[in-house]
Amino acid sequence: MMHNSARSSGAAALLALLLAGAPFCDALAQSRTTTIKYALGDVVSVDELPLLVAVERAKRRGVTVEVTAFKSEEVATQAVINGQADIGQGTPYAAIQKVNVPIRFFYQMSALQFFPIVNVEHYKSWKDLDGQDIVVHTRGSGTEAIMRLMAKEHRITYKSVSFVPGSNVRALGLLKGTIKASILDATNKNYVMKEAPGKFAILPVGQVKASDEALFATQAFLDKNQAAVAIFVEELIKINRETNKDPKSILEQRTKLRLLRDLPAKLEAEILPFFEEAAKSGVFPNDGGGESAAKNDLEFFQLSGALKGENLKVGDFWNFALLKAALAKVK
């Protein structure tokens with residue numbers, strides 16, 4: 001039972017928000033839940049700018065999203081499973097299929113746009129990678145899924161698959177010569193090709209349609225925190241639409257909100273080209289992915305071997321209710 005003092009303080013806080021001009025639903029969300037613990041299984045870099053903008057905007061609407069960068073997607077996923085984090089970012093389909101805790105994806109952050117890259121002194125084609133070592137992001141990630149799918153398609157077997165989180169870290173390894181075959185995002189692919197012209201080659205992957213990053217949480221958390229999560233999702237949709245319409249706008253938001261202030265100078269010049277390329281390729285969806293993204297994911301991760309079994313059901317992995325509600329509010 002709620003004590004009178006608690007009821008009074010909650011009512012006072014809600015009244016203050018209403019007088020300040022906050023919409024009723026936002027005020028109600030703030031009075032009920034103010035903090036979301038967000039687990040990121042990667043280093044924060046250029047491609048996280050839409051996320052960081054959405055976090056700042058959600059904060060103004062009473063929802064604080066605390067982003068923690070874990071050392072890998074596996075650790076971030078485990079944090080959500082164990083209740084140490086509320087929302088995770090990644091594509092841990094295999095883990096979700098195995099655990100007993102009902103976990104659901106609810107928003108596609110970005111579609112896969114990765115580039116297998118090799119040192120041409122050692123390799124020039126997929127066939128050359130037969131029996132060789134490769135380096136990907138983390139276990140269960142989209143980068144691993146792409147490389148395993150390509151191995152199946154080209155009928156090759158890697159000697160080993162090593163896990164090095166962060167495209168920027170793998171890019172430095174390629175430039176230093178400690179990594180000879182890996183897979184990078186667009187920003188770091190462009191960086192490596194500029195830094196060492198003629199030293200690397202991009203291997204073809206054909207048409208790959210799947211999520212690179214998606215948001216997931218326990219069904220229990222989503223049920224209890226619908227208002228707060230909806231606000232966050234609305235802001236993610238808004239910044240994606242703004243950036244896709246005018247990629248330069250993300251630069252303006254970065255300056256305005258003072259985001260990624262420690263970004264290496266060499267990567268500064270890569271921000272606009274990355275988002276221009278992403279806008280053309282549909283990397284950041286205007287609609288949160290929805291059912292089409294979910295169906296593509298199941299097909300892709302089943303083909304790559306991450307998901308097991310037949311007749312997989314989208315409803316066993318995704319919850320679309322929050323996304324549909326957010327889309328209805330964002331014009």
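Visitor: What should helix H6 span at 1.5 Å a residue, and how far apart are its end C-alpha atoms?
Guide: This is a predicted model, where local features need pLDDT of at least 70, side-chain atom pairs count only at pLDDT 80 or more, and totals for chains, interfaces and linings use all residues. Residues are numbered from 1 along each chain as its sequence is written, and side-chain values use heavy atoms, leaving out hydrogens and water. Helices (DSSP runs of H or I, at least four residues; strands are E, at least two) are numbered from the N terminus, and the expected span is 1.5 Å times one less than the number of residues. H6 has 12 residues (142-153), so it should span 16 Å, and the distance between its end C-alpha atoms agrees: 16 Å.

Visitor: How many of the residues of H6 are buried?
Guide: Buried means under 20% relative accessible area, with exposed over 50% and partly exposed in between (1.4 Å probe, protein chains only). Gly142, Ile146 and Leu149 are among the buried ones. H6 is mostly covered, and of its 12 residues the buried ones number nine.

Visitor: Which residue lies over the face of Phe115?
Guide: A charge sits over a ring if NZ of Lys or CZ of Arg is within 6 Å of the ring centre and within 35 degrees of the ring normal. Here the distance from the ring centre is 4.4 Å, and the residue is Lys189.
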